[in-house]
Amino acid sequence: MVAVREDSGGREMFQMTRQNVNLQDGFLNHMRKEGAKVEVMLVNGASFHGTVKGFDNFTVVFQAEGMQHLVYKHAIAQLLTDHAPRPL
């Protein structure tokens, strides 16, 4: 992220700021790398067990029951796992 400020002479200065840690991406990436089993609970009440294969800003791909499922993030209510979390 870039912050824009003015110096004492009124000129714009650009300064890099520390980006926020994205907990969602960190969690999904850790589950993907470890191949951890997750239970996916959707907002419509459906659920399934699988592993995270990939994700982007809007979707997550899960491997479950021999098939890949593309699920929109806004449809996910919870992800549950027994896997130990990584320290932040």
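This is a predicted model: local features need pLDDT of at least 70, side-chain atom pairs count only at pLDDT 80 or more; totals for chains, interfaces and linings use all residues.
**Close-up 1. The salt bridge between Asp 25 and Lys 73.** Here the two side chains meet, with 3.6 Å from N to O. The pair ties together distant parts of the chain, its members sitting 48 residues apart. Asp 25 belongs to helix α1, which covers residues 23-34. Lys 73, for its part, is in the loop between β6 (67-72) and β7 (76-80).

Close-up 2. Lys 73 is buried, because its relative accessibility is 14% and the cut-off for buried is under 20%.

**Close-up 3. Thr 59 and what it touches.** Thr 59 lies in strand β5, residues 59-64. Leaving aside residues up to four places away in sequence, Thr 59 is in contact with Leu 70, Val 71, Tyr 72 and Lys 73. With 10% relative accessibility, Thr 59 counts as buried.

**Close-up 4. Glu 65 and its positive phi.** Look at the backbone here: phi of Glu 65 is near 55°, a positive value in a residue that isn't glycine. Glu 65 sits in the loop between β5 and β6. Is Glu 65 buried or exposed? Glu 65 counts as exposed, because its relative accessibility is 70% and exposed means over 50%.

Definitions and conventions. Residues are numbered from 1 along each chain as its sequence is written. Side-chain values use heavy atoms; hydrogens and water are left out. A salt bridge is a side-chain nitrogen of Lys or Arg within 4 Å of a carboxyl oxygen of Asp or Glu. Helices (H or I, at least four residues) and strands (E, at least two) are DSSP runs, numbered from the N terminus. Buried means under 20% relative accessible area, exposed over 50%, partly exposed in between (1.4 Å probe, protein chains only). Contact means heavy atoms within 4.5 Å.
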